[in-house]
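Please look over the fold and the side-chain contacts of the protein shown here. A short report follows.

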Amino acid sequence: MFDNLRLSFLANYEENTPLADEDPETEKTTGYTFRLAHMRQLTRKLSRTLSYEYTRENSNFHENGAKEKHLVIYAFTYDF
């Protein structure tokens, strides 16, 4: 029923400490990405993809809160 539907989720955590400073502050970054995509074969060589991606990144260095990004892609692919 959902052969052409793809769902993915990615979570990551990262710590970065500069080596040059004597008393460095460690940056702690947490990120999440969620992606949902649907692909449909229109003809033997032409396919259509519709996808949505949500990304959220938070860091102790971000002054205005977490960064969020919403991305929608509508694409056609032609195989030669």
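## Sheet

Strand S3 (residues 46-59) and S4 run antiparallel and are joined by 12 bridges. Strands here are DSSP runs of E with at least two residues, numbered from the N terminus. Two strands pair if DSSP finds at least two bridges between them. In this pairing, Glu57 stands opposite Lys67 in S4. S2 and S3 are also antiparallel, with 13 bridges. Ala37 has Ser51 in S3 as its bridge partner. Four residues lie between S2 and S3, and the two strands form a hairpin.

The whole sheet is open and has four strands, ordered S1-S2-S3-S4, with antiparallel pairing. S1 and strand S4 (67-78) are the edge strands, each pairing on one side only. On average, neighbouring strands of this sheet are turned by 15° against each other, direction ignored. The axes behind that angle are lines fitted to C-alpha atoms, and angles run from 0 to 180 degrees between N-to-C directions.

## Basis of the model

This is a predicted model: local features need pLDDT of at least 70, side-chain atom pairs count only at pLDDT 80 or more, and totals for chains, interfaces and linings use all residues. Residues are numbered from 1 along each chain as its sequence is written, and side-chain values use heavy atoms, with hydrogens and water left out.

## Salt bridges

The structure holds two salt bridges. The term means a side-chain nitrogen of Lys or Arg within 4 Å of a carboxyl oxygen of Asp or Glu. Glu53 pairs with Arg35, and their closest N and O atoms are 3.9 Å apart. Glu53 lies in strand S3 and Arg35 in strand S2, so this pair ties together parts 18 residues apart in sequence. Arg35 is partly exposed, at 33% relative accessibility. The cut-offs are under 20% relative accessible area for buried and over 50% for exposed, with partly exposed in between (1.4 Å probe, protein chains only).

Glu68 and Arg56 form a salt bridge too, at 2.8 Å from N to O. Glu68 is in strand S4 and Arg56 in strand S3, so the pair ties together parts 12 residues apart in sequence. Glu68 is partly exposed at 46%. Arg56 is partly exposed at 31%.

## Aromatic pairs

There are three aromatic pairs in the structure. Rings of Phe, Tyr and Trp (its six-membered ring) pair if their centres lie within 6.5 Å; planes under 30 degrees apart count as stacked, over 60 as edge-to-face and the rest as tilted. One of the pairs is Tyr74 with Phe76: the ring centres are 5.4 Å apart and the planes stand at 85°, so the pair is edge-to-face. Tyr74 and Phe76 are both exposed.

Tyr78 and Phe80 are also an edge-to-face pair, with 5.1 Å between centres and 75° between planes. Tyr78 is partly exposed, with a relative accessible area of 44%. Phe80 is exposed, at 87%.

## Nonpolar surface and loop

Which residues form a nonpolar patch on the surface? They are Phe2, Leu5, Leu7, Phe9, Tyr32, Phe34 and Leu36, with about 720 Å² of accessible area together. Patches take residues with over 30% relative accessible area and no salt bridge; like charges are joined within 9 Å, nonpolar side chains (Val, Leu, Ile, Met, Phe, Trp, Tyr) within 5 Å. Areas come from the Shrake-Rupley method with a 1.4 Å probe; for residues, only the protein chains shown count as cover. Strand S1 (5-16) and strand S2 (27-41) each supply at least two residues of the patch. Leu7 lies in strand S1 and is exposed, at 61% relative accessibility.

Leu19 sits in the loop between S1 and S2. Leu19 is exposed, at 84% relative accessibility. The C-alpha atoms of Leu19 and Thr43 are 55 Å apart, with 24 residues of separation along the chain.
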